[in-house]
Amino acid sequence: MPDIREKYAELDKVIAANKGQEGAVMRTLQSAQDIFGHVPKDVQVRIAEGLGSTLSEVYGVATFYSQFALEPRGEYIIGVCLGTACYVKGAQAVLDRVSKELNTPVGKTSPDGLFTIKDTRCLGACGLAPVMMINDDVYGALVPEKIPGILAKYRQA
C-alpha cells in the first residue's frame with residue numbers, strides 16, 4: 001500500500017495532466033477518490049490550487065455527485081431506501097435499527113470501519129419494500145428484527 005507521500009505525488013501527476021482541460025475538476029476528483037478512497041478537504045484544496053480553480057467549485061462538484069465521499073467509507077455500504085413505497089412500509093424503523101445496531105449515525109462509518117450507513121431514495125425494488133442494499137446484495141420485506149442477523153453475516157465475512 002502506498003504511503004501518503006506517494007498518494008499525493010500520484011495526485012499531483014493527475015492534476016498536471018488535467019490542468020486546463022474541459023471537465024478537469026470532475027476527472028481529477030474521480031482520480032483522487034481512486035487514490036485516497038475519499039476526497040477530504042486537504043485533497044480538495046490541493047486540487048483547487050493545482051487546477052487554478054476555487055475550493056468552492058471543487059467542493060461543489062464533490063458534494064453534488066453521490067459517487068464522491070468526503071470521509072472514509074466502510075468495506076460495506078448499507079443503503080436503506082426511504083422512497084415512498086419503502087417509507088410507508090416502515091423503512092425508517094429499519095434504518096433506525098441499522099443505526100442502533102452499528103452504533104453509528106446515518107451518513108457515517110462505523111468505528112470498526114466495516115460499515116457506512118446511507119439513506120437512499122428508490123432502489124427500484126418497490127415490490128419488496130422496505131428494501132436495503134449492502135454493497136450489491138438486496139434485502140427486501142424487511143422488519144427491524146431482521147437487521148441483527150443480516151449484519152452478522154457481514155461481520156463474520
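Entry one, salt bridges. I began with arginine 5, which forms a salt bridge with aspartate 3, their closest N and O atoms lying 3.0 Å apart; the term stands for a side-chain nitrogen of Lys or Arg within 4 Å of a carboxyl oxygen of Asp or Glu. Arginine 5 is exposed at a relative accessible area of 65%, while aspartate 3, at 30%, is partly exposed (buried means under 20% relative accessible area, exposed over 50% and partly exposed in between, with a 1.4 Å probe and protein chains only).

Before going on I noted that this is a predicted model, in which local features need pLDDT of at least 70 and side-chain atom pairs count only at pLDDT 80 or more, whereas totals for chains, interfaces and linings use all residues. I also noted that residues are numbered from 1 along each chain as its sequence is written, and that side-chain values use heavy atoms, with hydrogens and water left out.

My search of the whole structure gave four salt bridges. Another of them joins glutamate 71 to lysine 108, with 2.9 Å between the closest N and O atoms. Glutamate 71 sits in the loop between helix 4 (55-64) and strand 1, and lysine 108 in the loop between helix 6 and strand 2, so this pair ties together parts that are 37 residues apart in sequence; helices (H or I, at least four residues) and strands (E, at least two) are DSSP runs numbered from the N terminus. Both partners are partly exposed, glutamate 71 at 39% and lysine 108 at 35%. I also looked up glutamate 101 and arginine 97, whose side chains meet in a salt bridge at 2.9 Å, N to O, and which both lie in helix 6, four residues apart, or about one turn of the helix.

Entry two, aromatic pairs. The search of the whole structure finds five of them, where rings of Phe, Tyr and Trp (its six-membered ring) pair if their centres lie within 6.5 Å, planes under 30 degrees apart counting as stacked, over 60 as edge-to-face and the rest as tilted. The rings of tyrosine 8 and phenylalanine 36 have centres 5.1 Å apart and planes at 55°, so I recorded the pair as tilted. Tyrosine 8 belongs to helix 1 (residues 4-18) and phenylalanine 36 to helix 2 (residues 24-36), so the pair ties together parts 28 residues apart in sequence, and both residues are buried. Tyrosine 139 and tyrosine 154 pair edge-to-face, at 6.4 Å centre to centre and 80° between the planes. I then found that Tyr76, Phe115, Tyr139 and Tyr154 form one aromatic cluster.

Which members of the largest nonpolar core touch the most others? Of its 25 residues, they are Ile78, Val98, Phe115, Met132 and Ile134 (such a core is a set of buried Ala, Val, Leu, Ile, Met, Phe, Trp, Tyr and Cys residues joined through side-chain atoms within 4.5 Å). Strand 1 (76-81), helix 6 (91-102), strand 2 (115-120), strand 3 (132-134) and helix 7 (147-156) each give two or more residues to this core, and helix 6 gives the most, with five. For valine 98 I listed contacts (heavy atoms within 4.5 Å) with Ile78, Val80, Ile117, Met132 and Ile147, leaving out residues up to four places away in sequence. A second, separate core has 19 residues, among them Ala32, Phe36, Ala48 and Ala62.
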